[in-house]
Amino acid sequence: TSYPSIVGEMLASGFSVVGFSWICSPACTELEVVVMDWLAKFLKLPTQFLHETEGPGGGIIQGSASEAVLVAVLAAREQAVRRESQLHPELSEGDIRGKLVAYSSDQSNSCIEKAGVLAAMPIRLLPAGEDLVLRGEALKEAIEQDVEAGLIPVICIATLGTTGTCAYDDIESLASICEAHHVWLHVDAAYAGAAFALEECSQLRRGLDRVDSLNFNLHKFMLVNFDCSAMWLRDSNKVVDSFNVDRIYLKHKYEGQTQIPDFRHWQIPLGRRFRALKVWITFRTMGAEGLRAHVRKHIDLAKQFEDMVKSDTRFELVAPRALGLVCFRAKGDNEITAQLLQRL
């Protein structure tokens, strides 16, 4: 975390905004639109994710990657149900929902499997390659098997920076398969997304112009305290259409007169905290170059630690170093590594 973020958190707590709609607090909503576009530009994301560009894309601050993934899974599910209902009017909604299936890597975070449980939709965890990367070939095989069995593929959740080893799934090959089968492609870049801001890591951005949604945690690498997870959508209308529930007490006289979104349609809860304030203060205080320097410092520390491990005959690396993560173990029986972990 950082002191600007803590200051922002304290101010937001003092204001006690319950920002489910624009009229609750225009500053809460409008500042979030501003900082999400700032952040997208800082990370060099495709322009389709910017609020300021023409089109239905945009960004929102969720509480955690778990929430962002669940929003994507639920929206993809509802879009699939509507599409299949039009294509196959002879099927009941219950029949369609019973055929839905989703996909991710066996290296993906536990929150992805949990999203499947909460969405009542099985998520197949596909085997990653020997390098722990999920590629389009594995997804293609699984989708073809399921279509043959009468199932309906809905969404693939790819990971940029897996929890275990910070491996990067092959977004471009996965996107090709998803496009061919009308499958939603979400990218969980909770940790590694910070590296998008570094030109030396530009290869991580390959294929992001072809994904439907993306999440990245500012509370991991951006000096913003928990909770603060950025999420971008290529077509926010698909989420709004899936989640929109209007009541008379939620209406106000300015509806339809502004392009500013009501973020309650983009998330699980109705109310929301003023998280944009701590992001704004952190960016204004640290600056873009200050934040890049922070990420590079962590990467440099990992390089130093990797060199130490390599120079010590008692240890060995078990995966390539990635960003700030070094995976190593003590040589010999696994019990030695377990004891080392306990001592640490």
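In this predicted model, 5 aromatic pairs are counted among the ring-bearing side chains. One of them joins F42 and F283, whose ring centres lie 5.5 Å apart with the planes at 80°, so that the pair is classed as edge-to-face. This pair links distant parts of the chain, since F42 belongs to helix α2 (residues 26-42) and F283 to helix α10 (residues 276-310), a separation of 241 residues. F42 is buried, with a relative accessible area of 5%, and F283, with a relative accessible area of 10%, is likewise buried.

A stacked aromatic pair is formed by Y191 and F221, with 4.9 Å from centre to centre and 20° between the planes. Here too distant parts of the chain are linked, as Y191 is in the loop between β5 (184-188) and β6 (213-217), whereas F221 is in helix α8, 30 residues apart. Y191 has a relative accessibility of 21% and therefore counts as partly exposed, the limit for a buried residue being under 20%; F221, at 2% relative accessibility, counts as buried. Elsewhere, F305, F315 and F328 are linked by ring pairs into a cluster.

Helix α8 (residues 218-221) also contains K220, the position at which an unreviewed UniProt entry places the feature "modified residue: N6-(pyridoxal phosphate)lysine". The relative accessibility of K220 is 42%, so this lysine counts as partly exposed. When residues up to four places away in sequence are not counted, K220 touches A190 and Y191; Y191 is thus a contact of K220 as well as a partner of F221 in the stacked pair.

Note on methods: Residues numbered from 1 in each chain as written. Predicted model: local features only at pLDDT ≥ 70, side-chain atom pairs only at ≥ 80, totals over all residues. Heavy atoms only, no water. UniProt positions renumbered as here; feature names shortened; annotations may be inferred. Helix = DSSP H or I, 4+ residues; strand = E, 2+ residues; numbered from the N terminus. Buried < 20%, exposed > 50% of the residue type's maximum accessible area, 1.4 Å probe, protein only. Contact = heavy atoms within 4.5 Å. Phe/Tyr/Trp six-rings, centres within 6.5 Å; stacked < 30°, edge-to-face > 60°.
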